[in-house]
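Here are a few friendly notes to read alongside the model. Please have the structure open as you go through them.

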Amino acid sequence: MSPKPPSDTAIRVSELSQSAENGFALRPDKATLEQIAADLDLSALRKLSFDGRISPLGRSDWQLTGRLGATVVQPCVVTLAPVTTRIDTDVTRQFVTAFEDPEEPEAEMPEDDTVEPLGQWIDPAIVMREALALAVPDYPRAEGAEPVQIVYTEPGQAPMTDDDAKPFAGLAGLKAKLNKEDP
């Protein structure tokens, strides 16, 4: 067993209590917030907290449950204006000894994506970063920002629009027109 934890927030599984509260509360400092913001391509990460507990799950498995809170700033995908988003989400991870990682190159993903292999350590900070990365909006949009249609084409060619790419969209209008003309 490794005597030194992999990080300051890692908890040795053998030291977890089967009966008492195994609580944690993470509030990263300013330097850590800046590093996480850079890792996730955020303009800023103003607040981040992760509170929870690690509870026994059966005889040898463990469950981490917590509440993630964060305030993130990202550029709008349309206008590049800063968009501030408040994230409040529940997080659950199950660390199991009987975890089987599929070895095939093309394996189906398991339905329960909260299950992870149990090692010597459980690190709530790693879970916090993963949960934040999953909760951050993929396409933040400033209030009132309308989608913009950009059309590219070769010189001398007619550009193809979104409506041109939907050949069946005009059929409803054509059907209505034909039905109107039928006596």
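1. α2 lies across β2, β3, β4 (61–75), β5 and β6, and runs at about 130 degrees to β5. Helices (H or I, at least four residues) and strands (E, at least two) are DSSP runs, numbered from the N terminus. Please bear in mind that this is a predicted model, where local features need pLDDT of at least 70, side-chain atom pairs count only at pLDDT 80 or more, and totals for chains, interfaces and linings use all residues. Residues are numbered from 1 along each chain as its sequence is written, and side-chain values use heavy atoms, with hydrogens and water left out.

2. The strands under discussion belong to an open sheet of 5 strands in the order β2-β3-β4-β5-β6, with mixed pairing (two strands pair if DSSP finds at least two bridges between them). At the edges are β2 (23–26) and β6, each pairing on one side only. On average, neighbouring strands of this sheet are turned by 25 degrees against each other, direction ignored.

3. Where does T114 sit, and is T114 buried or exposed? T114 is found in the loop between β5 (82–96) and β6 (115–117). Leaving aside residues up to four places away in sequence, T114 touches T92, R93 and Q94 (contact means heavy atoms within 4.5 Å).

How values were computed: Axes are lines fitted to C-alpha atoms, for helices over the stretch in contact, and angles run from 0 to 180 degrees between N-to-C directions.
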